[in-house]
Amino acid sequence: MPSHPPLLLANIGQLLTLRSASASSVPRRGADLKQLGILHDAAVLCLGGKIVSVGTSKDALRDPWVREKLKKNRKNVTEIDCSGKVVLPGFVDSHTHPVFVEPRLVDFEKRIEGASYEEIAAAGGGIRSSLEGVRKAAKADLTAKVLTALRDMAAHGTTTVEAKSGYGLTLESELKSLEAIQQASARWPGTVVPTLLGAHVVPKEFQGCSQKYVEIVCKEMIPQAARRKLARFVDAFCDKGAFAPEETEQIFAAAERHGLNVRAHMGQLSETALGPFLRFHPASFDHMDHVSDADVASLAKTDTVATLVPGANYFLGMQDYPNARRLIDAGVAVALATDYNPGTSPTISMPMAMSLACTHMKMSPAEAITAATINGAWALKLAERKGSIEPGKDADFAVFDVADYREIPYWFGTNRCSLTIANGAVTAGA
Ligand SMILES: [Zn+2]
């Protein structure tokens, strides 16, 4: 771990700590989604990339241990005057697909002309059209693409990113994609959580015999990604036109056998019964546009997060968005993510996802912030380190040049993030 000089964030107008209101450590649900733990005129001290003290300006530095540390290091302390701005935990973008080569401009135009998601896929567009570029690409070029996206994300306040493979769909190109994620993350101060999405779509060469492809995912991709520690999660796109529920279960079982956690794209285009998957304790079901009342009720009893990605609904020009209010009111833990990808959500901006959550899914600004920070951390099984500003957690912050946190989703289409700190290192905007 690199050694970071002590870091003091002072003169914070609103500090959104997101500290837990209850003693038990669980994802935020229901009314708790609105509890931002706001301190006014606040300061935060960090040492070695970790938060050590949080409080109002006069309290944060009073702790005797902190005073002793500061006395020894005073001249080495990097002090950041936040000038009355808003400081919150760095965003946790828990669903992104950054390993691709080209934007999908044909899809974009075809969709404007009225073609459906399925029609575009049938015409050779969609996910399959990104495969050739990734299969042919040099690993260094993919790494550069991922790193560019990570830096752009940091400039918009994101410090933790889940990054999926899934545009290669051969053993070799999926492993190459995961290696590109690994190499890019080594050059970025934030935290990257790699996910194997070999089960993104059935590639053309296996059309009509998807089971053969599932075997490659289960018997080759998953074991190798696990053995080489290239992935922490296995994801599957479970929907019509992608993988069947039984195939998704097979993939989850293989992931479990190899010690990897699971998550899935679920309910984007059609409803799938969730019951058979719950025994695998998925960290998250993502999209969730279509889900039954019974499944909403059973999900509310679990720690599986529903990760909503309204950027996809927006970019696909859909009238309907996931019903966040129904999920929240039933007690499901909800997170927000960008779903950054070339086909359906080409945005790296968490504030944009939050703005869409407010305007199209009727989430309050406070709920959107909780969903974009601590619940995103839960969706990656990182809540003990990420997503709130509390002593002992990683020093991940986004400083926004606004006076009130509600301005973060309010000013859409512009970037008000003025500084980002990840694991104690100033990452963007300095
Ligand atoms: Zn996705």
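**Exercise 1. In this predicted model, describe the hairpin that S15 and S16 form, and state which residue in its turn has a positive phi.**

Solution. Begin with the connection: S15 and S16 form a hairpin that leaves 2 residues between the strands, and the turn residue with a positive phi, of about 50°, is Asn423. Turn next to the pairing, in which the two strands run antiparallel and are joined by 3 bridges. As one instance of this pairing, Ile421 has Val426 of S16 as its bridge partner.

**Exercise 2. Determine how the protein chain is divided into domains, and how many residues of domain 1 and domain 2 are in contact.**

Solution. The domain assignment places 7-90 together with 388-428 in domain 1, and 91-379 in domain 2. Taken over C-alpha atoms, the centres of the two domains are separated by 29 Å. At the boundary, 36 residues of domain 1 are in contact with 36 residues of domain 2. The size of an interface is often given as the accessible area lost when the parts come together. For domain 1 and domain 2 the buried area is about 2,800 Å², with 66% of it on carbon and sulfur atoms. Within domain 1, the residues that lose the most area to domain 2 are Arg29, Leu33 and Pro409, which together account for 23% of what that side buries.

**Exercise 3. Count the polar contacts between domain 1 and domain 2, and work out which elements supply the side of domain 1 that touches domain 2.**

Solution. There are 13 residue pairs in polar contact between the two domains, counting pairs with both residues at pLDDT 80 or more. On the side of domain 1 that touches domain 2, at least two residues each come from strands S5 (86-89), S14 (397-400), S15 (417-422) and S16 (425-428), and from helix H16 (407-410). The largest share, 4 residues, is that of S15. Sorted by class, this side of domain 1 has 20 nonpolar, 10 polar and 6 charged residues.

**Exercise 4. Find how many salt bridges the structure holds, and explain why the pair Asp235 and Lys164 ties together parts apart in sequence.**

Solution. Side chains of opposite charge can pair when their charged atoms come close. The structure holds 19 salt bridges, and 1 salt bridge is found across the interface of domain 1 and domain 2. The side chains of Arg29 and Asp303 form a salt bridge at 3.0 Å, N to O. Those of Asp235 and Lys164 meet in another, at 2.7 Å, N to O. Because Asp235 lies in strand S9 (residues 233-238) and Lys164 in strand S7 (residues 158-164), this pair ties together parts that are 71 residues apart in sequence.

Notes. Residues are numbered from 1 along each chain as its sequence is written. This is a predicted model: local features need pLDDT of at least 70, side-chain atom pairs count only at pLDDT 80 or more; totals for chains, interfaces and linings use all residues. Side-chain values use heavy atoms; hydrogens and water are left out. Domain bounds come from an automatic or database domain assignment. Contact means heavy atoms within 4.5 Å. Buried area is the accessible area (1.4 Å probe) that two parts lose on being put together, summed over both. A salt bridge is a side-chain nitrogen of Lys or Arg within 4 Å of a carboxyl oxygen of Asp or Glu. A polar contact is a pair of N or O atoms within 3.5 Å; within protein, one must be able to donate a hydrogen and the other to accept it, and residues adjacent in sequence count only if both atoms are side-chain atoms. Ala, Val, Leu, Ile, Met, Phe, Trp, Tyr, Cys and Pro count as nonpolar, Asp, Glu, Lys and Arg as charged, and the others, Gly among them, as polar. Two strands pair if DSSP finds at least two bridges between them.
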